[in-house]
Amino acid sequence: MPARYHLRFQLHPTPDAAERAAELASFCRESGVDEVVLLLGAEELYTGHPAGEAEDRLYDTAATAVTILREAGLDVSLNPWVTAGHADRGRADRLGFTPMVGPDGTVATAQASLACPRFRAWITAHYARFADLGFRVLWLEDDFRYHNHAPLPWGGGFEPLMLERLAALVGEPVSRERVVAAVTAPGAPHPWRALLQQVWRTAQLEVAGEVAAAVAKASGGRSQLGLMSSEPGVHSVEGRDWPALFDALAVDRQAAHRPHFARYGDAPGRELSFSVWMLEVQRALRPAYVRSEPEIENWPHTAWSKSDTQTWSELVAAQLAGSDAMFLNIHPMQSGRAQRFPRVAELLRRSRPALDLIAGPAPRTHGVTLPVRQDAAAHVRTRRGGDLAELAVDPGPAADFLLRYGVPVTAEDAPVRVLFGQLAWAYDDNELRRMLAGGLLLDGTAAYILRARGFGDLLGVTVEDVVERESPCEPGPYALERVLSGDGAGAYLSVNVQPALARLRPAAEAETWTEILTPDHRVWGAGRCVFTNELGGRVGVLAATAVELLPYDDDGQHLLHAMVRYLEGDAPTLPLVTGGPHLIPHLTSTEDGWRLAVANGSDDPARPQVHLPGDAVRAEGTLLRPLADPEAVTATTGGRTVEVDRNLPHRGWLLLDWR
């Protein structure tokens, strides 16, 4: 099954729209594009929520383009530029919408409250009008949310209409100041946090349902809705219920999802770990009936912003995740002339061989299980208060830590799990006990939380406290981590920039692998410990509380791999990757075996080594060089290590298949 290209492209609502649409159709034929996602009145051409003559011009342009593009054999979808509104950017509301209000009282000039009846009537009528053209999908932009609405700090959702809804649940009048203080207060979550999230969730579901009903009626069931999403942590702050939202959006049990998963501009190759885990986590959050069409965006949409090599590597990551289509934002949004950018056509043509090779249904992944909870923010315990961003938590730090060290991850249930930071508050006691009966990797914050929740005897360490870097009560700051045993005995790692460390006191039965030292080499506490508990579970604990700030190095990789093998116990299943910095794995099961894809997140070429969990296998290797045809490589096995005979270039992918 070949890969699918869905190209988002903006046509100007001008007299030459038909000519530009024909030019676009020609570009698509030459580039292998299967569908055009029309964008109208966006960014530089956006004057505010369209109505009246402005909406008429957009509709006429869309109708003209649909006819020409369909005659050229292309599918066509529509991406209205705004729902609530992305950002003010000097625009002002002209339709009488209730504006969004930020947590500090800042009032938007062009962005509407999801609770506003006038806005709801507009968006329902707007989508219904365009739905009668029979688009495959009408997309809801990523401004269909509460966070990230500049110039509001954090976002909106504190409008009087929203506060009235909250007051009805609370049973008394509420002020914005009291609400913000309550939902962000340090310590156990205030009851108002869950109630505010309920208000936000309900308002969003109401709008989604109204728009879906209107689209279904106006299109005669020909069209469905699609939703772009942002990072899961901030959606959790909003109280988003992912299955309920897609159910509200579904038309005849069909909907589409455009997950954000890659940076919009140039980024280091190691950021491919972000792409891998973002796709995996969002796959777990959305219902199985929803199509996945990840967004590949170069903002402002040229190779001057993001290299073709980076774009290609992200396309491969999305296709390895079993995506149904590639949603491409790779033309300058304001251009209006598809054929002025032959380099984009070349990018798409040169990318297709690799994408066609790996295209197929979403596979089952395997690895260390990530903690995926849509309600995580409801359980966060803040330290400072006053900042909604402090409520946003996700498995990103744990996933990056594992992936960049060559350890595959999954959102599926697996024998070894990782639980870092505030996510330890998100699970009930039975769920935690089940984790502790298997293999479980904890950072210092999660270990401290589990001790506070009564699971200290199962950890193998007493977590005395989490000590802040600037604590005035300490005899000397922590600085170094020294390896105590094994091949790396005597090696030093740095913990010098950790904002806090857990003070670990190991039990007699625990193994202490590293210790924390002060700059003058006095022992501060244990650094990494492992323990087999009375449930038969194996636990590994790190003193670090911000693993994303630990310097990566060979010694750190060796320690993590050894800890993963310890946590797997007598039945290891995970291939682990070495051979260079930031070799990022993606492990899936196939019909008759396994596929391990490894990306090179370093600028330097690498020769990956895959360390198998069991007996030697016969593997077949394929090298995917950026923007080149796939080529077979020889994979040889020595002992339990698989190697290949070619270097893996920067942002290249190596595929290893075995039975």
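Is Ser351 buried or exposed? Select Ser351: at 0% relative accessibility, this residue counts as buried (buried means under 20% relative accessible area, exposed over 50%, and partly exposed in between, with a 1.4 Å probe and protein chains only).

Before going on, note that this is a predicted model, in which local features need pLDDT of at least 70 and side-chain atom pairs count only at pLDDT 80 or more, while totals for chains, interfaces and linings use all residues. Residues are numbered from 1 along each chain as its sequence is written, and side-chain values use heavy atoms, with hydrogens and water left out.

**Stop 1**

Ser351 sits in helix H11 (residues 342-358). Helices (H or I, at least four residues) and strands (E, at least two) are DSSP runs, numbered from the N terminus. Show the contacts of Ser351 (heavy atoms within 4.5 Å): leaving aside residues up to four places away in sequence, Ser351 touches Tyr5, Trp312, Leu315 and Leu627.

Next, select Gln339, in the loop between strand E11 (326-329) and H11. Gln339 counts as partly exposed, at 30% relative accessibility. Its contacts, not counting residues up to four places away in sequence, are Glu23, Ser26, Phe27 and Glu30. Draw a C-alpha to C-alpha distance from Gln339 to Arg20: 9.4 Å in space, for 319 residues in sequence.

**Stop 2**

Select helix H5, residues 176-183, and colour Arg176, Val179, Val180, Ala182 and Val183, which are buried. These residues cover an arc of only 165° around the axis, which puts them on the same side of H5; the arc is that of the directions from the helix axis to the C-beta atoms. What covers them? The cover includes strand E4 (99-101), helix H4 (160-170) and helix H6 (191-219).

Move on to Gly187, in the loop between H5 and H6. Gly187 is partly exposed, with a relative accessible area of 30%. Not counting residues up to four places away in sequence, Gly187 touches Val380, Arg381 and Thr382. Gly385 is 198 residues from Gly187 in sequence, and the two are 9.2 Å apart in space, C-alpha to C-alpha.

**Stop 3: aromatic pairs**

The structure holds 15 aromatic pairs. Rings of Phe, Tyr and Trp (its six-membered ring) pair if their centres lie within 6.5 Å; planes under 30 degrees apart count as stacked, over 60 as edge-to-face and the rest as tilted.

Select Tyr146 and Trp200. Their ring centres are 5.1 Å apart and their planes are at 20°, so the pair is stacked. Tyr146 is in the loop between strand E6 (137-140) and H4, and Trp200 is in helix H6, 54 residues apart, so the pair links distant parts of the chain. Tyr146 and Trp200 are buried.

A cis peptide bond joins Ala150 to Pro151, with omega about 10°.

Now select Tyr478 and Trp524. Here the ring centres are 5.3 Å apart and the planes are at 75°, so the pair is edge-to-face. Tyr478 lies in the loop between E17 and strand E18 (480-483), and Trp524 in strand E22 (residues 523-532), 46 residues apart. Both Tyr478 and Trp524 are buried.

**Stop 4: two residues with positive phi**

Arg89 is not a glycine, yet has a positive phi of about 45°. Look for Arg89 in the loop between strand E3 (75-80) and E4. Arg89 is exposed, with a relative accessible area of 52%.

Arg651, also not a glycine, has a positive phi of about 65°. Arg651 is in the loop between strand E31 (641-644) and strand E32 (653-658). Arg651 is buried, with a relative accessible area of 2%.
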